[in-house]
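Okay, thanks for coming, everyone. Let me put the structure up, and then I'll walk you through it.

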Amino acid sequence: MDITIIKPILPEIVMAALACVVLILELFIHKKETIGVFAILAVAAVSYVIPQSFGSAFNGMFISDGYSVFFKFIFFINLILAVLISIRYLKIERSEFGEYYSLMMFATLGMMIMASATDLIVLYLGLELMALSTYILAGFIRHDRRSNEAALKYFFLGAFSSAILLYGITMIYALTGTTNILAIASQLQGKMTTQLILAIVFLVVAFGFKIALAPFHMWTPDVYEGAPTSITAFMSVGPKAAAFAALGRVFTTGLIDFAPDWRGILIALSILTMAVGNILAIQQSNIKRMLAYSSIAHAGYAVIGVIAGGAEGLSAMMNYLFIYAFMNIGAFAVVIMLRVEGVKGEELEHYRGLAKTHPLAAVLMLIFMFSLTGIPPTGGFIGKFYLFKAAVGAGYAWLAVVAVVFSVISAYFYLRVVMYMYMHEPEGEPAALATSTPLGLALLITTIMVIVLGVYPSPFLAFARLAIG
Amino acid sequence: MVEFFFGFFAIMILFCSVMVVMSRNAIHSVLWMLVMFFHVAGVYLMLNAEFLAATQIIVYAGAILVLFLFVIMLLNLREEMNIEQLIDGWPAGLSLAVAMLVVLILALGSFSVKPWGQWSIEVVEKTTQTKALGKVLYTEYLLPFEIASLVLLVAIIGAVVLAKKKLKS
Amino acid sequence: MTIFEFLFPPGSFDIFLNIIIILIKIAVVIGVVMLHVAYATYFERKVIGRMQVRMGPMEVGPHGLLQPIADMLKLFFKEDIIPEKADKTVFYIAPLISLMAALSSLAVIPFYEGFVVANINVGLLFILAMSSLGSYGIILSGWASNSKYAFLGGLRSSAQVISYEIAMGLSLVGVMMMAGSMNLSEIVKAQAEYPAGIYAIPQILGFFVFVVAAIAETNRAPFDLPEAESELVAGYFVEYSGMRFALFYAAEYIGMIIMGCLAAACFLGGWTVPKYILAILPFLKYVPGIVWFVMKVYFVIFFYYWIRATLPRYRYDQLMAIGWKLLIPLALANILFTGVIKIMVE
């Protein structure tokens, strides 16, 4: 048997095997931190086999190319950072189980499959693997009703969106007789039919659900608020990026001939998403909910990259997600730091006077809030800059202007957090912070990356551009 | 003959599906669903897919639906049975559904029969569907098959983690 | 075109003839099996009676031979009581589902060469599908009776049936792999070709799992938890009486006969006799196939009674543990062995 045929999928195989190993380790290891460390080592092992993986396998169902590899690195960063911020947090929430890390790895595996899928069936199964793992993770704090609620809501709505995705896939199959994304384009030959419009709408709805585009965002605030904070961080980046990867691949390769049609839908959704995310975020007093709406808004920005299309648009979208991973998880890491025994640390009130009581934490939060707003010299600025540049380049200057206006609105609620930290006096006894070495490490990585990406972004930009090819 | 049976199965599937939604008693809903699964299996049979038809009944009717029954029975929904209207705003839902139906009917025209490729009706009939399905599943579609196994594994882990693990106090 | 031609297009005569032949076959099979059901109860009481040093039924007819008929008449004329708060529709159809599922399985059983009502390719799966359908009758009757004993019995029983069905299905996979088919007639023919003559020898592990699972599947002792009379009065059919009770009773015995047929067809060589036995005793080839088949089925049914008379009832958690922790892993191991050996031989 020729072993080289499975080379493109080797990273996924390694990941699956190690996820199972982690599952078994849980039986023998009582210090669950060790399992977390093992999960990070597993990512290292998987990254090690990635360079040799380039190529296509399984009759063109699966491909390992620059595009997918770039996304896979986003997933790895997401996994590593999420594991780092989980270790102490899980202890505080009294939900320290080894399966947690294993499920995170399975979710990441699902994302990797989604990014690499060139067949709609593989894409669907990858999505299902990712989604099922995150449903479970969202309900991981079993004794917390909010966590249960989050898992249930996420599961019901997620199952519904999966069904819609399948509906779209069957329609495309009925039209073309194939599920291969590349073959779809050649089978359709640019012929527009009513059925294809339906299929496109279904696909947009299904991906829009995972990305949390308005009006398919309804689940996001409740789920993000209820889920364990570390998982909120995990799923605000990974699954979103994976859905973006799939969206980008399906729409810009399989359905590229119908770009004018889906572009119109995406533009409308993008504007609506930015509006809903940014405006509703203003009302939130719970920081997790606020970040949920902020993540909806950011999805609205990132979609602009797909709308702009081409190498420039896609690489801008990829860059944006790359930067977003650091700044968003960084912000959640600070939220987690405030979660100690007895204090939820999720309300805006808890940030009152943080600069006085814990200056370092306040500075870190300041950086992440600046970056999420898009203020230079942080990574968030660079991400937005290239996105809007791509939009202008593709002839959507007005869309860029709309996005900038919404960014300005977003400054209100991001900077309000800063104001609470710096302009208000602390009330009562200052609570201690739940710091730990892994959490510190996560904060260090995210802060450095947010600054570096803001000051010296060219190597990363070049990487994304190279990945697109 | 074929048209007659297809029409029969199609109408029965529609009728049962409507009854599933309309039944006030959740147990009756499940029973209508059971009847519907049988008719779906009938459609599979007409497509020469006898293996799918049998697994449809074994898996859906025999396992999944029984679990539905279990859950519904243990929930004891006697009070919910007397609720007049389960959800508000059903006219909105109905009009959306009707709109979708209209669009789907419009889209019906663009369906067309595609070439069969390697597995034509004659070939499937000769090799039997079980063998044909097995061959395709373990060669061409090996990757999706394996991913599906991982999905099931995750589902098992989830069930154990969420239901069985002892809470730490 | 006249109306006659419209109603009876050319070739329709053959179809009608076929349908009539099939109907006759069905009638024969059901008639014979129902007779067997009646006398299986008699056989059971006699066998267990002898094992417990009693006489068994002796009053009605010589040696109590007419006892089953008397029982039948009694049940037939008994009042059909329906609990006041029962869900009437479901209460009515539950025993019918049980009986229908059991009777439908008979359609694919090859009693002797060429005699099978429906010779379909997925015969084994069909039987599994129908036996899984049987659990609906049980769980629905338990629920519809609106009585806690019946409800508990129904829940227990369906959990048990679902669990053991997995083990049973997996135990048959080895047979399917060896025969390369799921058609029961093909499986019997493949066994005749096989050197050992019966699959019970190479598939001893699968056979063991099958027999245990079959007992649990039919809710027989020592796995008769659903109707454990000491705790649940009589389990799911506690509220049933008269004819409907008889339907459940019949369904249970038909289930037993089907399991016997399945064991005979899949593991014991069906209507054939192993070649090496024919070589030693050549006159056996004059015995018709149906006799062999029926003898094998009787043997399996006798085995059922034997176990019932010998073993005490299991506890519910033990039952589940046996199913999930012993039988399913064993069946999986059996599949693995069979596959590996099959690859090595080829």
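**A walk through the chains**

Let's begin with chain C: among its contacts with a separation of 6 or more, 79% are between residues 24 or more positions apart. Keep in mind that this is a predicted model.

So what is chain C made of? Helices: there are 13 of them, and zero strands. Its C-alpha trace spans about 65 × 60 × 40 Å along the principal axes. As for burial, 44% of the 346 residues of chain C count as buried.

Okay, on to how chain C meets chain B. That contact takes 19 residues from chain C and 17 residues from chain B. Which elements on the chain C side give two or more residues? Those are α5, residues 123-144, and α6, residues 148-179. By residue type, the chain C side splits into 14 nonpolar, four polar and one charged.

Now the contact between chain A and chain B. Here we have 33 residues from chain A and 24 residues from chain B. On the chain A side, at least two residues each come from α1 (10-28), α4 (99-116), α5 (120-138), α6 (145-176) and α8 (194-211). Which of the helices supplies the largest share of that side? It's α5(A), with nine residues. The chain A side divides into 18 nonpolar, ten polar and five charged.

Next, some helix packing inside chain A. Take α1(A) and α2(A), the latter covering residues 32-49: their axes come within 9 Å and cross at roughly 165°. An angle over 145 degrees counts as roughly antiparallel, so that's what we call α1(A) relative to α2(A). The crossing is right-handed. On the α1(A) side, the residues making the contact include Leu10(A), Val14(A), Leu18(A) and Val22(A), and on the α2(A) side they include Ile35(A), Phe38(A), Ala42(A) and Val46(A).

Last stop, one residue: Tyr154(A), which sits in helix α6 of chain A. Is Tyr154(A) buried or exposed? The threshold for buried is 20 or more other C-beta atoms within 10 Å, and Tyr154(A) has 25, so it's buried. Leaving aside neighbours within four places in sequence, Tyr154(A) is in contact with Tyr135(A), Ala138(A), Trp219(A) and Val223(A). And how far is Tyr154(A) from Tyr224(A) in sequence and in space? They're 70 residues apart along the chain, but 9.6 Å apart C-alpha to C-alpha.

That's my tour; over to you.

Notes
Residues are numbered from 1 along each chain as its sequence is written. Chains are lettered from A and ligands numbered from 1 in the order in which they are written. This is a predicted model: local features need pLDDT of at least 70, side-chain atom pairs count only at pLDDT 80 or more; totals for chains, interfaces and linings use all residues. Two residues are in contact if their C-beta atoms, placed from the backbone, lie within 7 Å. Helices (H or I, at least four residues) and strands (E, at least two) are DSSP runs, numbered from the N terminus. Ala, Val, Leu, Ile, Met, Phe, Trp, Tyr, Cys and Pro count as nonpolar, Asp, Glu, Lys and Arg as charged, and the others, Gly among them, as polar. Axes are lines fitted to C-alpha atoms, for helices over the stretch in contact, and angles run from 0 to 180 degrees between N-to-C directions. Angles under 35 degrees count as roughly parallel, over 145 as roughly antiparallel, 65 to 115 as roughly perpendicular and the rest as oblique. A crossing is left-handed if the near helix is turned anticlockwise from the far one by less than a right angle, and right-handed if clockwise. A residue is buried if 20 or more other C-beta atoms lie within 10 Å of its own, exposed if 12 or fewer, and partly exposed in between; C-beta atoms are placed from the backbone.
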